[in-house]
2 protein chains.
Amino acid sequence: MEDITTYLQKNSNQILEELFGLLRIPSISSLSEHKDDMYRAAEYYKNALLKAGLDKAEIFDTPGHPVVYAEKILSSGFPTVLVYAHYDVMPVDPIELWESSPFEPEIREGKIYARGADDDKGQGFMHVKAIEYLINSHQLECNVKFMIEGEEEIGSQHLEDFCRAHKDMLTADIILLSDTTMIAFDTPSITVGLRGLAYLEVEVTGPNRDLHSGLYGGIVQNPIHVLARLLASLHDDNGHITIPGFYDDIREMSEEEREELNRAPFDEEAYKKSLEIERLWGESGFTPVERIGIRPSLDVCGIWGGYTGEGSKTILPSKASAKVSMRLVPNQDPEKIAHLFENYLHKIAPDTVRLKVTALHGGYPYIAPTNIPAYKAARKAYLKTFGKYPIPTRSGGSIPIVNTFDKVLGIKSLLLGFGLESDAIHSPNENFLLKNFFKGIETISEFYLQFSHITKD
Amino acid sequence: MEDITTYLQKNSNQILEELFGLLRIPSISSLSEHKDDMYRAAEYYKNALLKAGLDKAEIFDTPGHPVVYAEKILSSGFPTVLVYAHYDVMPVDPIELWESSPFEPEIREGKIYARGADDDKGQGFMHVKAIEYLINSHQLECNVKFMIEGEEEIGSQHLEDFCRAHKDMLTADIILLSDTTMIAFDTPSITVGLRGLAYLEVEVTGPNRDLHSGLYGGIVQNPIHVLARLLASLHDDNGHITIPGFYDDIREMSEEEREELNRAPFDEEAYKKSLEIERLWGESGFTPVERIGIRPSLDVCGIWGGYTGEGSKTILPSKASAKVSMRLVPNQDPEKIAHLFENYLHKIAPDTVRLKVTALHGGYPYIAPTNIPAYKAARKAYLKTFGKYPIPTRSGGSIPIVNTFDKVLGIKSLLLGFGLESDAIHSPNENFLLKNFFKGIETISEFYLQFSHITKD
């Protein structure tokens with residue numbers, strides 16, 4: 001029997017070609033013009049799962065983008081793993097900053113460059129290939145299910161209903177997903193905490209049309225000024241979020257927990273250098289690691305209004321808009337936070353303009369247990385493939401569906417991420433290190449061996 | 001000899017068809033893709049001036065868009081009028097708000113709809129047609145010169161050099177231009193004051209790429225937050241501009257002057273209704289008419305940064321930008337104001353980001369004299385055509401070149417505007433009332449008759 005390292009070396013070209021086929025499909029879930037591409041990506045995954053040796057593979061329609069499901073049930077005595085991944089990707093703008101076309105994957109300096117190279121096509125495909133190896137080499141002693149959705153980047157809007165409708169089909173002992181990062185290739189880590197999310201859009205309307213800034217300026221309130229004031233009012237000078245009640249529900253961490261968290265290595269100088277910034281920013285009273293891991297944050301993700309073209313146009317615009325993302329921590333409730341945000345803006349907005357606040361999507365924060373067999377199996381797998389135990393970390397990101405899995409299916413999730421922060425997910429030039437991709441396949445494969453072993457004990 | 005009213009009635013279709021030919025040329029000066037259209041518009045004007053009976057018509061190249069010049073010199077004993085107009089227009093976005101194509105002129109409900117219908121192709125063309133009538137009817141007893149530029153909407157960047165280079169060619173007793181509004185069709189007015197302008201662009205750069213708002217939010221300063229704070233810091237709660245030194249040079253008006261100014265009719269309820277706003281805004285301590293006429297103002301004309309497309313994208317953007325227009329009053333200096341603005345922003349911007357401020361264009365405020373023969377001739381002309389004397393008003397708008405004419409050529413300007421505030425210049429659905437267009441031609445024609453008469457006295 002061929003070991004996995006040899007297997008991957010022998011088949012690396014073929015494996016990458018299969019991944020590239022998936023990466024070439026521009027499955028941007030937020031843009032309606034890509035509707036057909038969503039089906040193409042789902043179909044591609046289905047065929048890849050059948051080729052990997054899964055017995056059943058099916059595409060389920062939803063009111064949004066479809067869900068791919070496949071399974072391999074070997075024995076009722078085996079533990080069952082449900083793999084979750086998503087085939088949808090983020091938009092690619094600003095397109096001019098990409099060094100190669102986002103949907104023409106390219107390998108440069110040991111990295112795969114493409115939208116989705118990491119998030120989450122690259123990371124999701126590691127699972128397909130790990131299972132393919134285990135099935136081909138007759139080592140699989142787990143039942144395996146795959147559920148791959150197409151709406152993760154737009155809030156997994158229909159997956160909760162899908163889970164409710166197919167609860168029996170989806171029973172499992174653990175949900176396995178790779179949609180997070182590790183600290184560094186030589187410092188493997190497992191994400192044990194995720195922030196929640198509340199995402200809203202704000203629109204300020206002043207006069208019913210764009211006005212001449214000379215003939216009207218100084219007498220008609222400018223909606224960009226109002227929007228700027230509203231957004232500037234969301235943080236105080238200490239980086240605290242000013243929305244009344246925003247912090248009320250947060251479960252404060254003990255000093256011990258904070259100390260444990262701050263053991264994660266953080267090289268501030270290297271971090272600033274990689275982003276080309278002079279100074280970090282954030283909520284006073286917390287370390288950078290805490291600000292990302294255990295404190296909520298609020299970011300304006302986009303703003304627009306008036307004339308944004310070349311040169312000058314002297315107008316007082318009719319409208320100004322912004323998109324705002326709030327990252328939440330246990331026990332903040334995204335719906336409650338969205339309401340607090342909306343109420344606060346309505347309270348502070350002047351009556352010279354009209355204000356519209358729309359909630360776009362949200363998700364709960366998640367804390368993963370570390371005392372379960374799957375987590376223990378994962379530790380052993382990393383020890384084998386990386387030569388050291390993984391560090392438990394808290395990510396600033398959000399995978400809202402993980403909380404839904406717990407609530408609806410009653411199944412915990414294990415977040416085995418093999419991305420790096422430098423992978424530029426959601427940004428131009430998204431990439432994924434080849435060595436992480438292949439090490440991910442090895443580690444996932446080893447996880448199944450360890451998991452079936454541990455659950456036998 | 002046919003009177004002008006009969007002449008215009010007989011030839012109205014022909015005159016409008018000629019104007020429409022000019023309106024169909026998309027001569028947007030700020031967009032480099034329209035470079036050829038600028039030449040086409042200049043050529044069109046040149047031919048129209050030749051057809052009107054001017055003797056010499058020539059296109060002068062500049063480092064930017066060309067200048068059209070034409071003249072009709074009848075006698076050294078006649079007074080000389082230099083007509084100024086511009087053939088360039090503003091961009092048309094947001095294009096989706098136009099009810100008809102901006103460069104396909106259309107008459108609806110007695111109005112010409114097109115970009116440039118008023119500003120300034122429609123108003124400029126009135127002069128061509130007035131002179132054509134006077135020449136054809138052998139009534140012209142003035143020398144006439146036309147100077148028509150293509151860079152008014154981008155700050156008349158090369159006209160000052162053009163004036164210096166052709167000072168002898170441009171000698172005149174008065175400069176006549178129609179690029180302003182009147183109060184209403186039944187309340188004619190002449191603009192005797194214009195605000196100056198300082199127009200700048202602000203760019204805030206944070207990290208070197210768009211970042212994931214979850215993985216970086218709360219630790220890296222968001223450039224949109226900084227921009228919002230900077231812009232929010234430009235006004236206090238009383239609508240005063242907070243830039244240190246901003247108001248220092250303003251010549252305060254006497255109580256008598258303010259009383260005189262406030263005699264101009266202003267129907268606040270109708271004004272608010274037409275703009276669909278609940279409440280006016282502005283600097284406390286001044287009436288709406290004063291805020292527009294004698295006080296400076298600051299408006300953000302455009303803002304952009306991050307993700308502005310459909311749906312949600314959770315990023316912390318690398319950059320955020322805004323365009324700012326400041327309208328100035330006597331004796332504010334646009335260059336000094338631009339420096340004060342730039343210094344203030346640099347002073348208050350945090351070192352978590354990089355700030356770039358670029359001055360795009362500027363112009364001095366202008367006060368027109370009312371005790372000169374040309375102004376008196378204009379009063380008589382309005383009395384004849386409108387049945388009442390015009391009210392002297394101060395406009396909030398800026399025509400920076402008017403100050404340059406005074407400084408470089410030593411010639412005062414007379415601003416005979418026939419537009420209305422409802423013409424939506426610089427906005428979607430720009431329009432010009434047909435009756436104002438034709439009454440403008442009549443009034444301009446009458447001005448020449450009165451002017452030659454007065455100067456003979």
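**View 1. Helices α2(A) and α3(A) are roughly parallel to each other, because the angle between their axes falls under 35 degrees**. In this predicted model, local features need pLDDT of at least 70 and side-chain atom pairs count only at pLDDT 80 or more, while totals for chains, interfaces and linings use all residues. Residues are numbered from 1 along each chain as its sequence is written, and chains are lettered from A and ligands numbered from 1 in the order in which they are written. Helix α2 (residues 35–52) of chain A packs on helix α3 (residues 121–136) of chain A at an angle of about 20°, with the axes 8 Å apart. Axes are lines fitted to C-alpha atoms, for helices over the stretch in contact, and angles run from 0 to 180 degrees between N-to-C directions. Helices (H or I, at least four residues) and strands (E, at least two) are DSSP runs, numbered from the N terminus.

**View 2. Residues in the contact of α2(A) with α3(A)**. α2(A) contributes A:Ala48, A:Leu49 and A:Ala52, and α3(A) contributes A:Val128, A:Ile131, A:Glu132 and A:Ile135. Contact requires C-beta atoms, placed from the backbone, within 7 Å.

**View 3. The contact between chain A and chain B**. Chain A gives 82 residues and chain B gives 81 residues. On the side of chain A that touches chain B, the largest share, 9 residues, comes from β11(A).

**View 4. β11(A) paired with β11(B)**. The two strands run antiparallel and are joined by 5 bridges; pairing requires at least two DSSP bridges. A:Gly306 has B:Gly302 as its bridge partner in β11(B).

Note on methods:
Contact = placed C-beta atoms within 7 Å. Parallel < 35°, antiparallel > 145°, perpendicular 65-115°, else oblique.
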